[in-house]
Amino acid sequence: MSNETTIFDEIPRVIEKTQGSRKYLFGTISSDKVKDVTFVPVIERSRKTYLNEIVENGYQRPGSDSRMRKFSRFLKENPNSVVPPVLLSGRGNWKFKSEGHEQDSGKLIIQGKAVIVDGQHRLGGFVHLYEQEGDIRDVSFILLPNLNHTQEKEEFVVVNNTQQGVPRALAAFLDGDDDDAKVGWSLNLLPDSPFKGRITRTRMQRGHLFALHSVARQIKRMFSLDGIELDPYLNVNQKIGIVSQFWEIIANQLPTEWSDIEKLDNPDTRGRRDFEYKLLELTGLIAWAYTGARIFARSYKENDNDMNWDQVSYLVETVSGIDWRKNGEYENQAGEVGGKSIAKEMIQMLPTESAEARLHRALR
């Protein structure tokens, strides 16, 4: 019987580096191959994804196929864009072999699947673009070759607690604006935002959903309740992550209503004028801002400066079942009036909060 280990593939032109005592590697892999040699360790399976998932010993949230499709569209529309590398954990399955005279350059021998520690939505976008369009791209990666399971989880926590920040160039560009406008404009610029390219600082055009000042106003509402800030120490970067995640949950909960967004890029439609639902109109933005403030107040974890996202998802699901149709119950109510009316109904649908929880929130 042979003792040789099966080799699935090889990746040439890899560079090995050392940070402290830890070795890591830079390389690229083509998007037609990356799905077969990677997986995401999730706590539960996604409703739909373009990647491999494993639940056993999982620690990541399920992926969002809407975010993956969004990034796929970004790649298609921006073929010259340089995308940051995804972070992989080799689990000993990707072996580095130096070649030539340089000890830090060589190839990776793939003998099993690597874990996607950070960048599953970007990677899913690359895979979706290949599977739908046959468009093969190079995917840049950083590989940590020999982390154990605990180290891998720790790396995931570190990366996901620090990566939500605004890039320096963007922060400099926005210097002088108020924080809510910074959050709003960042949602328009960051590639994995649900509102990438849909917010304008000037006049509304076909591809836009909202004006920046409208978004900024609703963001301010989302982080205060009855005149009290959710947490005065929440910074811009943290708010960007919270708002983006919140709207991803809404998009996944209301896929039919969210699909109106596809009309913005469909030349066979009239864009916003053909919207069937109020979700992606200013009315919906206002309704979710008022309701979001209630949801955030009940879900925010002070010690972690983050949300209990399972709680947020549960509450979003609870209040989503109203009539979002433009010709439905709220047909003649729009803007502030319509948004407040819808929010009033949504807030009434929230499950009763315990007296202990109300007291804790009041004393916070």
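Is F126 buried or exposed? Select F126 to begin: at 5% relative accessibility it counts as buried (under 20% relative accessible area; exposed is over 50%, partly exposed in between, with a 1.4 Å probe and protein chains only). This is a predicted model, in which local features need pLDDT of at least 70 and side-chain atom pairs count only at pLDDT 80 or more, while totals for chains, interfaces and linings use all residues. Residues are numbered from 1 along each chain as its sequence is written, and side-chain values use heavy atoms, with hydrogens and water left out.

A search of the whole structure finds 13 aromatic pairs (rings of Phe, Tyr and Trp, the last by its six-membered ring, with centres within 6.5 Å; planes under 30 degrees apart are stacked, over 60 edge-to-face, the rest tilted). F71 belongs to helix 1 (residues 65–77) and F126 to helix 2 (residues 120–133), 55 residues apart (helices are DSSP runs of H or I, at least four residues; strands are runs of E, at least two; both are numbered from the N terminus). F71 is also buried, at 2%.

Next, select F195 and F210. Their ring centres are 5.9 Å apart and their planes at 75°, so this pair is edge-to-face. F195 lies in the loop between helix 5 (179–189) and strand 10 (199–200), and F210 in strand 11 (residues 210–211), so the pair ties together parts 15 residues apart in sequence. F195 is buried, at 3% relative accessible area, and F210 is buried with a value of 3%.

Finally, select F223, F246, W288, F296 and W324, which ring pairs link into a cluster.
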